Structure formats: structure tokens, C-alpha cells
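Look over the sequence and the model below before reading on.

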Amino acid sequence: MYGYRGTVLRINLSTGDIKKEALDKELAKQYLGGRGLAEKMFANEVDHKIEPFDVDNKLFIAAGPLSGVQTVPTGGRYMVITKSPLTGTIASSNSGGRWGAELKFAGYDMVIIEGKSEKPVYISIVDEEVTIKDAAHLWGKMTSETTEMLLKENNEKAKVLNIGPGGEKLSRIAAVMNDLDRAAGRSGVGAVMGSKNLKAIVVKGSSKPEVADKDKLKEVVKRVNEKIRENGVTGQGLPTYGTAVLVNIINENGVFPANNFQQSTFAQAEEISGETLADKYLVKRVGCYGCPIACGRHCKVDDIESGGPEYETVWGFGADCGVSDLAAVIKANYWCNEVGLDTISASATIAAAMELYQRGLIKDDELDGLSLEFGNAEAVIEWTKRMGLREGLGDKMAEGSYRLGEMYGAPEYSMSVKKQELPAYDPRAIQGQGLAYATSNRGGCHVRAYLISPEILALPEKLDRFEANGKPEWVKIFQDLTAAIDSTGMCLFTSFAMNADDYADIINAVTGDDYDAASLLATGDRIWNMEKLFNIDSGLGKADDTLPKRLLEEGIVDGPSKGSMSQLDEMLPKYYDVRGWDAEGVPTEAKLAELGIK
Amino acid sequence: MRKMTIKVRLFATLRTDRGKEVMVDGPEAMTCRHIINTLEIPEEEVAILLINGRDGQLDTPLSPEDIVSIFPPVGGG
């Protein structure tokens, strides 16, 4: 097999059984790899109605056919697939770094974790040799200490994926962390790992995936690397400033939510911008495996030096909590990684708690002396720790903003879709992004379809962000292409520079398949419909394809987008129609037959 | 000929040797093209142009109270 290693590792933590199974190449032709293939396999073997913390829920950790393939730009990604304890949807959480590539070097496309260990364990994978080991000494440890200990007791050159106290304590917003500061952050996948008493997976491999046509790959890689280098975003913007360069542009457009989306501009945006980060705190740029872009940052404040913060994180701990102290944001990001929580959901949950406090629903006597006032820099650091450790009110916050709001009779202050916290763009004045939020198969999310690209950044062309007309078609194409890219093992950021033909050419050179732009998009469409079917089976429906009440019913109150309202009601029926779904958002028999979904 | 002054905000790499915020003088109803020429910003460096936070064009005539924001190619997410 080319690109793929052809082997799936299946580990049952209840019985201790370890099996090596052949990858189903026919299924891989339909669903590619990574997100698509692992989700389809998950959907085939797990009860769609299962409770996420049930022992029979499973965790699929999957690389793509291009992960770990030498010279492929950004082939360092992997996906964590499970049923989400946050959203109740199928979850597929993506991460970079080096772990995904190393899994391929060890000879596997995917690891499937089943059952539940009686006591804390970790898994060691060294090529053929797979061992379940005791993790009593690691349980309760922060993620960086766990990583260091595991490298020391295994192999300094191994790659470590682990959970922190957040995942151990079943926080519904817990991340799976890898390579110290990379995160499969979203949808609470770390909590499912914690529910299985699995602390970490250490992997070390010594062989490389084979390539079908080396000459062709050389030619294609040369072409796309040139595109990546010459593209303003991937060649200049991201390498120089990282993702946080977006702070000013999103704020200048008046769609930078502040104080839990009560405002849509933040007066101190400059103080937390990518430009300020580069001036004051940046230590070095960091790239994931095989990445020519290197958007990753390493920043230093006092005695803390760590990866990040990313744009979404700066927004969350910054503007969304009313905090203009960038040093505090960097510290909160550090602690969020240490306790192993998703930075978007963690910061947005603090913001929701701040609004519940502002409205008198959370009382002072619940705070143990730690303020929840908007703008309190110390609060974002300390509440992040308390959330990860489930201390005091942090115990309730660890359930995520929606369930926190419910506990106070006010879930409407959770700025979430399908109970997953929204990222850093106000959808009321970016209509396509609003539709993408509402229809995302994993709940509130920007990277299932990044309409910010055409609606704000003018890539590949400029769309009027206030206009609803035409957006359903754009959202579908972005969702489909993203699903396909996510299934290759490459990074979504390459799509600023690469088109569908480029991805098809790389896949074909590596795997020997014969994709073109149309069949690649059809693969994405198939993946999207399969995810949707899983969610419908899980009990989600049209009523869940929506936005928080505030963002549906109220206009923007400040800044250049003042007065703008969501036009979701107008777009949603058209979107269902464009997708070939019925009026309730259910894929029709004809659509499923067209896609060959069984 | 009457003159006017426009506040211009610059971002990312466009700040190098120019600063964050500059006031640009020009004729009444001058355009953003006048501004980028004055600031010696090559047209291909202008990825996003906002006038008062809304999408602007290089040849739109400006009013004295307008604020212009200029970004080079940037992205993230």
C-alpha cells in the first residue's frame, strides 16, 4: 500500500487484547483517511445513541494517507474521533505537531481504543511492539510533566499524546494534547480518553510510508510549495505574525466579539494583537512536521515559555473576557494546555460565567474570593486552573458554558451551537460564517467551513459579508473541501494557497489513486452526509442547526457592523436544498444513492 | 484647491517604516489610491482595504471624517 501503512491497531483496555487489522482499502477509497475513514469505521461499529462516557464508546486516533509522507507540505496532522460528551454529535478533533507522522512511521494508519482499563494506564507503541503500561505515577500530573516523564522512561525521541487533569476528571471541554502544546482541542475528546483511564500514548517508529510515484510527487510538491511561498497569507502573513494577526482585522471589521458577545468590537484590540505579540513576547516561530509555513508561536512571559497563543485563544481569554493584558492571556493559554482543556471552550465558558455573574445569577459567595468580573486578568488564569482541576465553581464550569448556564436557569448566555462554544467571529455580520456555525456537524466551529476566508480575507475572492444570497452554495463547497482536506492528513491552512486540483494531484502521486477536483469534493460531500446521518441517529435535528438566541434575535450594538442581524432563517432552507436534503435537513434517499452511502 | 486630512491605520508588515497610524493630506475627495501612493504602498500589498470598517475601493472618493484601514495579505483561524 502506498501512503497508507495498511494496518489498524485495535486495543481493548478492558481485556488487554491488542490486535493488528488490515486497513479496508475499499472503504478508504470512499472516505480517504483521517477524519472521513475513521468516522465511517466508528459509525459502522459503535451504537449511534451511545452515551459518550459509556464503556462501549470508542476512541479512534487516525492519521491520513499523506501524514508522515516525506516532502508533502504540512503532512503532520491526525484526528481524534469519538462520540462527543459536549455536543452529542460525532466528534473529530484535529491536531498538528509530530505525533500523527510518528504513528505512520511506526506502521499504523489508526489506533482504535475500546473498553476501559480498571486503573490508569498508558500505551507504548514502538513499531511492532505494543504494550499497555501502568500510569499510576502519571495520573493527576499536568501535560508537560507527563510528557517529560514519558520521554525519559521510554525514548527521548518518541512522541507523546496525553490528557491532563481536565480529561481525567471528565471535563466535557477537555482536549487531547500532543507534543507538549498541540491540541486536538474541540468537542471534549480528552474526556472520553479519561473515561477509559488512558493517560497517554507514546509512539516511536522507524519506517516511512511508501510513495506510488516519486517523480510525480516531486513535481507536484515543487509546484505547491511555490504556491505556498508566494501566497501572501501562507508565505508572509502566517509565518511573520502567526494566526493572531487576525485580531486587528476582525476588530476593524466590527465582528470581534467582546464580553461574551455583548459587544462586537474591543477597544483594546491593539494591546492583544498579533503585532503586539510579535513585538513583546515572541521567542521563536515553530512548525509542525513537514510544514513550510510555521505559523506556530513560542512566547515567553516571566518564567513561562510555551507554545501559542493562537488567534482564537487570544480572542477568548482576551476580548471575550474583556481582558486587554496579553501577558495574562499567554499565561491562561499555558495553564489551559497544562490542565488539558480546549482554549476556545475554556475561555468562552469563563466569559459565559462572567456574564452570569454580571447578571447576578452567579453570586459572590460561590467565587472563593476570585472575581468573575469582565476585564479581570487574574481571573482568566485562575479560573482556567480551577476548571481543569474542578475546584469550587470550576467544577460546574468544567461542564462547558451551556450546561453551566442551565445550572443557573440561563443557557441562553452560552454562546454555543449544539452546546459547543463559538469561536472568534460575530456571525451576525458575516452571513456565510453564521450559516457554517449553525450547520457544523460538530457544533460551534470555524474550521468545518472557514467562510472568513472569502467574506473577510478576500480569498479566493471577496464576497459581501452582509449578503445572504449565494452563501449556502459557498458553505457547502467549503464544508466538502474541508472534509476532504481533513481526511488527507494535511493542514487546512494550505487551502489559502492550494486548490482542489492540487490536493488531488498530491494524493494521486502518493497513493496511486485517481482523484480529480470533482471526485475529491464528492468524497467531502460523502463524509459530510455520513456525519449528518450519525447526528440524526443520535437525536439531533433541524432545531439544533441554529445560533444562540442573542445572535439570532438581536442586532450588533456597536462598531462598523452596528445593526447587522443574522439572516440564518433565510439561508437554512436554501442550504438544505443545495445539499439535497429535505426540509427537515435529512439527506434524501436520492442523495445517499448518488454518494453511494450505505 | 481645498484640502483634507485622512486618518489611516496600517497593520502587520505595512507598519514597517510607516507606523501604526498616519494622517495623510490630500485634495478634497481624495481616494485611497492617493493614500497608498503617498505612503509608497505597492498596490499588490493591499489585500484588504476598509473605509470605516466596510469594504472600500481604491478609487472611492473619501470624506473628511473617514478612517481608512489597510492590511497586507493576512490569514489564520
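Which residues form a negative surface patch? In this predicted model, the patch is made up of A:Asp47, A:Glu51, A:Asp54, A:Asp56 and A:Asp537. To place one of them, find helix H2 (34-45) and strand S3 (59-63) of chain A: A:Asp56 sits in the loop between these two elements.

Next, consider how the chain is divided.

Charged side chains come next. Side chains of opposite charge can pair when their charged atoms come close. Over all chains, the whole structure has 44 salt bridges. One of them joins A:Lys199 and A:Glu168, with 2.6 Å from N to O. Where do A:Lys199 and A:Glu168 lie in the chain? A:Lys199 belongs to strand S12 (residues 198-204) of chain A, while A:Glu168 belongs to helix H5 (residues 165-168). The two are 31 residues apart, so the pair links distant parts of the chain.

The last topic is the backbone. Most residues other than glycine have a negative phi, and most peptide bonds are trans.

The peptide bond from A:Gly308 to A:Pro309 is cis, its omega being near 0°. A:Pro309 is located in the loop that runs between strand S15 (304-307) and helix H11 (311-317) of chain A. Another cis peptide bond leads from A:Leu459 to A:Pro460, again with omega near 0°. The loop holding A:Pro460 lies between helix H18 (452-455) and helix H19 (471-486) of chain A.

That loop between H18 and H19 also contains A:Ala458, which is not a glycine but has a positive phi of about 65°. A:Arg390, also not a glycine, has a positive phi of about 55°. Look for A:Arg390 in the loop between helix H14 (377-389) and helix H15 (394-397) of chain A.

Definitions and conventions:
Residues numbered from 1 in each chain as written. Chains lettered and ligands numbered in written order. Predicted model: local features only at pLDDT ≥ 70, side-chain atom pairs only at ≥ 80, totals over all residues. Heavy atoms only, no water. Patch = residues over 30% accessible without salt bridge, like charges linked within 9 Å, V, L, I, M, F, W, Y side chains within 5 Å. Areas by Shrake-Rupley, 256 points an atom, 1.4 Å probe, with all protein chains shown as cover. Salt bridge = Lys/Arg side-chain N within 4 Å of Asp/Glu carboxyl O. Lys, Arg positive; Asp, Glu negative; His and termini not counted. Charge placed at Lys NZ, Arg CZ, Asp CG, Glu CD. Helix = DSSP H or I, 4+ residues; strand = E, 2+ residues; numbered from the N terminus.
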